[in-house]
Amino acid sequence: MLRSKILNRIRLLKPVIDRRCMSSASKTPLTLLEVDDKSGIATLSLNRPPVNSLNIDLMNSIIESITEIEGNKSRGLILTSANDRVFCAGLDLNELHKPNQERLKEFWAVFQDVWLALHLCSVPTAAAINGHAPAGGCLLATACEYRVMLPQMTIGLNETQFGYMAPKWVMLSYLSVLPRRLAERALTQGKLFTTAEALDVGLVDEIAASKEEALAKCSTFIDSFSKANPLARSLTKKQIREPDVQKLIADRAGDLKECLEYINSPLLQDGLGAYFEALKQKSRSKAGKS
Ligand SMILES: CC/C=C\C/C=C\CCC/C=C/CC(=O)SCCNC(=O)CCNC(=O)[C@H](O)C(C)(C)COP(=O)(O)OP(=O)(O)OC[C@H]1O[C@@H](n2cnc3c(N)ncnc32)[C@H](O)[C@@H]1OP(=O)(O)O
C-alpha cells in the first residue's frame with residue numbers, strides 16, 4: 001500500500017516522457033507528456049516538426065498519452081504544441097494524397113480513434129493553442145472542453161478550401177461550440193478565424209499573451225472542477241457527448257467506406273495535389289529556394 005503510494009508520488013513528480021511513438025527521422029518522441037507534481041495536471045505537447053501534421057504515429061502517440069493520463073490519476077489534461085508557431089496543421093496531407101489503400105484505411109481508423117479518445121477523456125481537457133490550428137488542428141482543440149489561444153494565429157475547419165467536405169462527425173465538433181447558422185457558414189466557406197474572430201464567435205474561450213499564460217488559464221479552468229466529484233463529472237461529460245459520439249461509433253465502417261471513396265476520387269485527388277504543391281511552393285519561396 002505504502003509502496004504503491006510512493007510509486008504514484010514518484011510518477012507525479014517525474015515528468016513522464018512518452019517514448020513509444022518516435023519520429024522515425026530524428027528518433028525524438030512525437031508527444032511529450034509532463035505531469036505537474038503540485039497540481040497533478042498533465043500537459044501533452046505535440047512534437048512532430050515542422051508543423052505537427054497528424055500521421056498515424058502522432059495520432060497513436062496522442063491516444064497512448066491519453067490512456068496514460070487516465071491511468072495515472074492526473075487531474076486534467078492540457079493539449080498544446082512544442083512548436084511556437086503551429087499548434088497542429090491538421091491531417092498529414094502525405095497520408096491523403098495518392099495514398100496506399102491499406103495505410104489509408106488504418107490512418108482513417110486511427111483518426112476516428114483519436115477524436116473518440118479526446119472526446120471521451122474522463123478528466124477535464126483544455127487546449128492551449130499556441131499556434132495555427134487549421135482543419136484537424138481545430139478538431140483536436142474543439143474536442144477539448146476549453147480553449148485558450150495566442151494572438152495572431154488562425155483556427156478553423158477549412159476543408160472546403162482544398163476541395164474536401166469535412167466528415168459528419170468532424171462537423172459535430174464545430175456544432176458543439178458554434179451556433180448552427182455560424183457553423184454552416186464557416187464550414188461552407190472553409191473559414192479560418194483569426195484569434196480575435198475566434199474569441200468573438202466563441203470558438204475559443206480566452207486569449208493569452210504567451211504560452212505560459214495560456215497554460216495558466218487552462219489550469220485555472222481545470223481547477224474550476226475542484227468541488228465536483230470526478231466520477232460524477234466524467235459521467236456527466238460522457239452523457240452530454242454521447243449523441244455525437246454514438247453517431248460515429250454506430251457507423252465507423254460506413255464512415256470509413258464513404259471517406260475512402262471520397263478521398264480516392266480523381267477530382268479530389270487533383271484538388272488536393274494542387275493545394276499541397278502550392279503549400280510546398282510557399283514554403284520554398286519563404287526559404288528563398290525558388
Ligand atoms: C462523403 C464525404 C465524407 C467524408 C470526407 C472525407 C474526407 C475528408 C478529409 C478531409 C479532412 C481533412 C482534415 C485535415 O486536417 S487536412 C489538412 C489541412 N491542413 C491545412 O490546410 C494546413 C496547411 N498548412 C498551413 O496552412 C501552414 O503550413 C501552417 C499555417 C500550418 C504553418 O505555416 P508555416 O508558414 O509555419 O509553415 P509552412 O512553410 O507552410 O509549412 C512547413 C512545411 O510543412 C508542410 N506542411 C504544412 N502543412 C502540412 C500538412 N497538413 N500535411 C503535410 N505537410 C504539411 C509544408 O508543405 C512545408 O513542408 P516543405 O514544403 O517545406 O517540405
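Two strands pair if DSSP finds at least two bridges between them. I wrote that down before starting, then noted that what I have is a predicted model.

I went to strand 7, residues 154-156, and found it paired with strand 8 in the antiparallel sense, over two bridges. On that pairing I looked up T154, which sits opposite T194 of strand 8. I then checked what these strands belong to: an open sheet of three strands, ordered 5-7-8, with mixed pairing. Strand 5 (133-134) and strand 8 (193-194) are at the edges and have a single partner strand each, so one side of each has no neighbour in the sheet.

**Entry: strand 2**
Is strand 2 buried or exposed? I checked residues 41-46, and six of the six are buried, so the strand is largely enclosed by the rest of the structure. I also looked at which way they point: I41, T43 and S45 go one way, while A42, L44 and L46 go the other, and all are buried.

Next I looked up the partners of strand 2. Strand 1, residues 31-35, pairs with strand 2 in the antiparallel sense over five bridges, and there I found E34 opposite T43. The hairpin of these two strands has five residues between them, and G40 takes a positive phi near 75° in it. With strand 3 (residues 76-81) the direction is parallel, and six bridges join it to strand 2. L46 is opposite S81 of strand 3. I followed the chain from strand 2 through helix 2 (residues 56-71) to strand 3 and noted a right-handed β-α-β crossover.

**Entry: the ligand**
How many residues surround the ligand? I got 30, and the closest are G90, L91, A135, G136 and S283. Helix 3 (93-96), helix 11 (252-264) and helix 12 (266-286) are the elements that give two or more residues to this shell. Helix 12 gives the most, with five residues. By type, I have the shell down as 16 nonpolar, seven polar and seven charged residues.

**Entry: the whole chain**
Last, I stepped back to the chain, which has twelve helices and nine strands. Its radius of gyration is 19 Å, close to the 19 Å the globule rule gives for 290 residues, so the chain is as compact as a globular protein of that length. The C-alpha trace spans about 60 × 40 × 40 Å along its principal axes. I noted that 40% of the 290 residues are buried. Of the contacts between residues at least 6 apart in sequence, 71% join residues at least 24 apart.

Notes
Residues numbered from 1 in each chain as written. Predicted model: local features only at pLDDT ≥ 70, side-chain atom pairs only at ≥ 80, totals over all residues. Near = placed C-beta within 6 Å. Helix = DSSP H or I, 4+ residues; strand = E, 2+ residues; numbered from the N terminus. Nonpolar A, V, L, I, M, F, W, Y, C, P; charged D, E, K, R; others polar. Rg over C-alpha atoms; globule rule 2.2 N^0.38 Å. Buried ≥ 20, exposed ≤ 12 C-beta atoms within 10 Å, placed from the backbone. Contact = placed C-beta atoms within 7 Å. Right-handed = clockwise from strand over helix to strand, strands pointing away.
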